[in-house]
Amino acid sequence: MCVLDTEDADEEGPSHCDAEKENERTIERALKKVWSSLWTFRAHEERTFFQIDPSVAVMGILVNRAFLDEAANGVAFTGNPSNPSDGRYLITSQVGEESVVSPEPGTSVERTLLEVAEGGEVLGIFRDRASSLVDPPAVVVTDEQLRELGSFLWHVNETFPLDLEGYDREQVLLDFEFKVEANGALTVKQ
């Protein structure tokens, strides 16, 4: 999304914010794309799989500032979605703006599990898989950043009010998108 593309009063590219993008990337275009994602085939199939009535599906949009020069990005879970009996937090990350959720074929993301104690102290960092885009022993997210993220996740997991109708608290995982900025600062995006 590019505010300059919205404000220039035409629809001709390239984007003012990224000359490599042929088309303008207006605010309206971005909002429409996100809003309509509720009804993509993939979203419909996932709701069907989990037996969620389409009439109760809703969309909300959160607008964040742009991260123009991020060192890394990732998705963090307050548990392990692929193994419900594993109480460790799952952190997936990748360098720069490379996709974590839909990586290019042949590309692997960094996958780390955090053992977090009461109070948010990270007791263990288990690096399960390295990113294919960094040369070992380099990592995408440092131990210090993982400790900060683990503590944050624990705090939100313990204090965020949830409507648990029909579920035990242990059955509900929270997930967050995060960025590591060029200066090394960790930012939780959503």
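Predicted model: local features only at pLDDT ≥ 70, side-chain atom pairs only at ≥ 80, totals over all residues.

Colleague: How many helices and strands in the protein chain?

Modeller: There are 4 helices and 6 strands. Helices (H or I, at least four residues) and strands (E, at least two) are DSSP runs, numbered from the N terminus. The order from the N terminus is α-α-α-β-β-β-β-α-β-β. Along the principal axes, the C-alpha atoms fill a box of roughly 55 × 45 × 30 Å.

Colleague: What share of the 190 residues is buried?

Modeller: Buried residues make up 29%. Buried means under 20% relative accessible area, exposed over 50%, and partly exposed in between, using a 1.4 Å probe and protein chains only.

Colleague: Now the sheet. In what order do the strands sit?

Modeller: The order is β4-β3-β2-β1-β5-β6, in an open sheet with antiparallel pairing. Two strands pair if DSSP finds at least two bridges between them. β4 (122-129) and β6 (186-188) are the edge strands, each pairing on one side only. The twist averages 25 degrees from one strand to the next. Axes here are lines fitted to C-alpha atoms, for helices over the stretch in contact, and angles run from 0 to 180 degrees between N-to-C directions.

Colleague: How many bridges join β3 to β4?

Modeller: 6 bridges, and the two run antiparallel. V116 has V122 in β4 as its bridge partner. Their hairpin has 5 residues between the strands, and G119 there takes a positive phi near 95 degrees.

Colleague: And on the β2 side?

Modeller: β2 and β3 are joined by 5 bridges, also antiparallel. Y89 has L114 in β3 as its bridge partner. 5 of the 7 residues of β3 are buried, so this strand is largely enclosed by the rest of the structure.

Colleague: What about β5 and β6?

Modeller: They pair in the antiparallel sense over 3 bridges. K179 stands opposite T187 in β6.

Colleague: Which strands does α4 lie across?

Modeller: It lies across β1, β2, β3 (110-116), β4, β5 and β6, and runs at about 115 degrees to β4.

Colleague: Which element gives the most to the largest nonpolar core?

Modeller: That core has 19 residues, and A76, I91, L114, L149, L153 and F178 have the most contacts inside it. α4 gives the most, with 5 residues. A nonpolar core is a set of buried Ala, Val, Leu, Ile, Met, Phe, Trp, Tyr and Cys residues joined through side-chain atoms within 4.5 Å.

Colleague: What does L153 touch, leaving aside neighbours within four places in sequence?

Modeller: L153 is in contact with A76, F77, T78, Y89, I91 and F176. Contact means heavy atoms within 4.5 Å.

Colleague: Is F49 buried or exposed?

Modeller: F49 is exposed, at 65% relative accessible area. F50 is exposed too, at 53%.

Colleague: And the other pair?

Modeller: F152 and F176 have ring centres 5.6 Å apart and planes at 75 degrees, so they are edge-to-face. The pair links distant parts of the chain, 24 residues apart: F152 in helix α4 (residues 143-159) and F176 in strand β5 (residues 175-181). F152 is partly exposed at 31%, whereas F176 is buried at 11%.

Colleague: Which ring does the charged end of R47 sit over?

Modeller: The ring of W39, 4.7 Å from its centre. R88 lies over the face of F126, at 5.1 Å from the ring centre. A charge sits over a ring if NZ of Lys or CZ of Arg is within 6 Å of the ring centre and within 35 degrees of the ring normal.

Colleague: Last topic, backbone. Where is the cis peptide bond?

Modeller: It joins P136 and P137, with omega about 10 degrees. P137 lies in the loop between β4 and α4. Also check Q51, which has a positive phi of about 55 degrees although it is not a glycine. Q51 lies in the loop between α3 (41-49) and β1, and is exposed at 73%.

Conventions
Residues numbered from 1 in each chain as written. Heavy atoms only, no water. Phe/Tyr/Trp six-rings, centres within 6.5 Å; stacked < 30°, edge-to-face > 60°.
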